[in-house]
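Visitor: Could you take me through the spot where the ligand sits, piece by piece? I'd like to know what surrounds it.

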Amino acid sequence: MSQPYDDVATRIRALVEGETDEIALMATVACELFHGDERHDWVGFYRVTEPGLLKIGPYQGGHGCLVIPFERGVCGAAARERRSRVVPDVDAFPGHIACSSKTRSEVVVPVLDAEDRLIAVLDIDSDRPAAFDEQDAAALEALMAEVFGRR
Ligand code: SME
């Protein structure tokens, strides 16, 4: 049975073959995920640039806020707890940071390097309610592990 993100993962795998630069990888992943799935209205990375702080990285879509402390929003929660968050209704998530009023639901996945350090979170927003489920999060986690966790 096909898994979520199978096709886009195949394309990303081919594109990033041999590349180790984190920004080059993030830019490529953001581009492919944004254009490869109609649910996606905004796709991007927030990078851990100092302890407890996320800063905007490569993304596609409208402008994203530049800085997110770990205490704030869905991205902050995912970073703080180092676990994915699926949010079916952003208005019901306390402290959600609204970068776009169109966003109805989102999924955020932690990005770990080969030494298990948190380097970023992947944030995907949708203008559709309940666009993502746990299977999507699991598939995105596997993709992040493959792209950023390899040696
Ligand atoms: N949705 C995020 C904020 C980032 S923007 O949506 C691009 C959050 O609440 O963490």
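Guide: Let's start with His96: an N or O atom in its side chain is 3.5 Å from a nitrogen atom of the ligand. That is a polar contact, meaning a pair of N or O atoms within 3.5 Å. In the side chain of Glu106, an N or O atom is 2.8 Å from a ligand nitrogen, and a polar side-chain atom of Asp125 lies 2.7 Å from a ligand oxygen. On its own the ligand has 310 Å² of accessible area, and the protein covers 99% of that (Shrake-Rupley method, 1.4 Å probe).

Keep in mind that this is a predicted model: local features need pLDDT of at least 70, side-chain atom pairs count only at pLDDT 80 or more, and totals for chains, interfaces and linings use all residues. Residues are numbered from 1 along each chain as its sequence is written, and side-chain values use heavy atoms, leaving out hydrogens and water.

Now for the neighbours. The residues around the ligand (a heavy atom within 4 Å of it) include Trp42, Tyr46, Ile68, Cys75, Cys99 and Asp123. Strand E1 (42-50), helix H3 (73-81) and strand E6 (118-126) each supply at least two residues of this shell; helices are DSSP runs of at least four residues, strands of at least two. H3 gives the largest share, three residues.

Two of those neighbours are cysteines, Cys75 and Cys99. Cys75 counts as buried, at 4% relative accessibility, while Cys99 is partly exposed at 36% (buried is under 20%, exposed over 50%, partly exposed in between; 1.4 Å probe, protein chains only).

Note on methods:
Polar contact = N/O pair within 3.5 Å; in protein donor to acceptor, adjacent residues only side chain to side chain.
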